[in-house]
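Hi,

Here is the structure I promised to pass on.

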Amino acid sequence: DYRHYLADVFEELKEQNSKFSYRAFAKMAGSSSPNYLQLIRDRKLNISPAAVSHISNALHLKKKEAAYFNTIVAFDHAKKHEDKDAHFREILTSREYRNIKTLTREQYHYFTHWYIPVVRELVTHPAFDGTPRWIAERIIPAISESKASKAVSLLKKLKLIEHVGNHYEQTDVVVSTPAEVLSVAVARYHKSLITLGKEAIERFGPHDRDIRGATLGITPHGYAAIKKRLESFWKELLSFAETQKDPQQVYQVNIQFFPLSEQEKKQ
């Protein structure tokens, strides 16, 4: 988060020179507003490209450091998930970030590959023989043995599965990610699942799938009530899944509930 970075920069400069002020920081960024940093920090203002350049020069950032600064600013300002994801991938390629944020990167990949949660379910199958080939042959649509192998390695590294005797078991660990990573990764994850749902119409017969849709006219209060019911059903569904011993097949459940018209603006 570049806003946290700038706040930290200010604190460090203040430690080096007790006379360094918010006004001095604003001047460094090419702004005449004495509360410039506070506005940036509190998300009431976005830093401009010119200010990024001014600060990079004032801090004597090296070429790669300045490029990284530009990237995290672009990541924060991006409106579309596709753009945010592209900038985050740039962040992941940074050597410094790779060294410091390894776990975050792995958590990001967990959410950006739809088949990783599927592999987590399959490794606990009573017939699993421990080979990536067994997994790859059972996933629909098919993935390579290499992807299956990497998925198992990732799940072990994230401590989402563990070896118990001669078989794997799921742990109770929940994948936790920083909010900015989660928003990017989960958006990709849901898009891929929605695509799989669309393909399922052609891929499976009506006896092997259940796809429904309804168009409803409701009030804002009705929306909140339905969302609450969906949340309750979701918890019930997850609880039910936990009671399934020795599952034989992996299914995907998607629920989409979204507007198809603009909300009437109050006068």
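Below is what turned up, one topic at a time.

Before you start, keep in mind that this is a predicted model.

**Aromatic rings**

The structure holds 9 aromatic pairs. Take phenylalanine 10 and tyrosine 22 to begin with: their rings are stacked, with 4.4 Å from centre to centre and 5 degrees between the planes. What does that pair tie together? Phenylalanine 10 belongs to helix α1 (residues 2-16) and tyrosine 22 to helix α2 (residues 22-28), so the contact links parts that are 12 residues apart in sequence. As for how covered they are, phenylalanine 10 is buried, at a relative accessible area of 5%, while tyrosine 22 is partly exposed, at 29%.

Phenylalanine 10 also pairs with phenylalanine 25. Here the ring centres are 6.3 Å apart and the planes sit at 75 degrees, so this pair is edge-to-face; planes over 60 degrees apart get that label. Again a residue of α1 meets one of α2, since phenylalanine 25 lies in the latter, so this pair ties together parts that are 15 residues apart in sequence. Phenylalanine 25 has 0% relative accessibility and therefore counts as buried, the limit being under 20%.

**A lysine over a ring**

Next, look at phenylalanine 75. Lysine 84 lies over the face of its ring, at 4.6 Å from the ring centre.

**A hairpin**

Now go to strand β1 (residues 161-164) and strand β2 (residues 167-170). How do they run, parallel or antiparallel? They are antiparallel, and 4 bridges join them. Histidine 163 stands opposite tyrosine 168, which is in β2. The two strands make a hairpin with 2 residues between them. Glycine 165 sits in the turn and has a positive phi of about 65 degrees.

**A covered helix**

Last stop: helix α9, which spans residues 115-122. How many of its 8 residues are buried? The count is 7, so the helix is mostly covered. The buried ones are Tyr115, Ile116, Pro117, Val118, Val119, Arg120 and Leu122.

Cheers

Conventions
Residues numbered from 1 in each chain as written. Predicted model: local features only at pLDDT ≥ 70, side-chain atom pairs only at ≥ 80, totals over all residues. Heavy atoms only, no water. Phe/Tyr/Trp six-rings, centres within 6.5 Å; stacked < 30°, edge-to-face > 60°. Buried < 20%, exposed > 50% of the residue type's maximum accessible area, 1.4 Å probe, protein only. Lys NZ or Arg CZ within 6 Å of the ring centre and 35° of its normal. Pairing = 2+ DSSP bridges.
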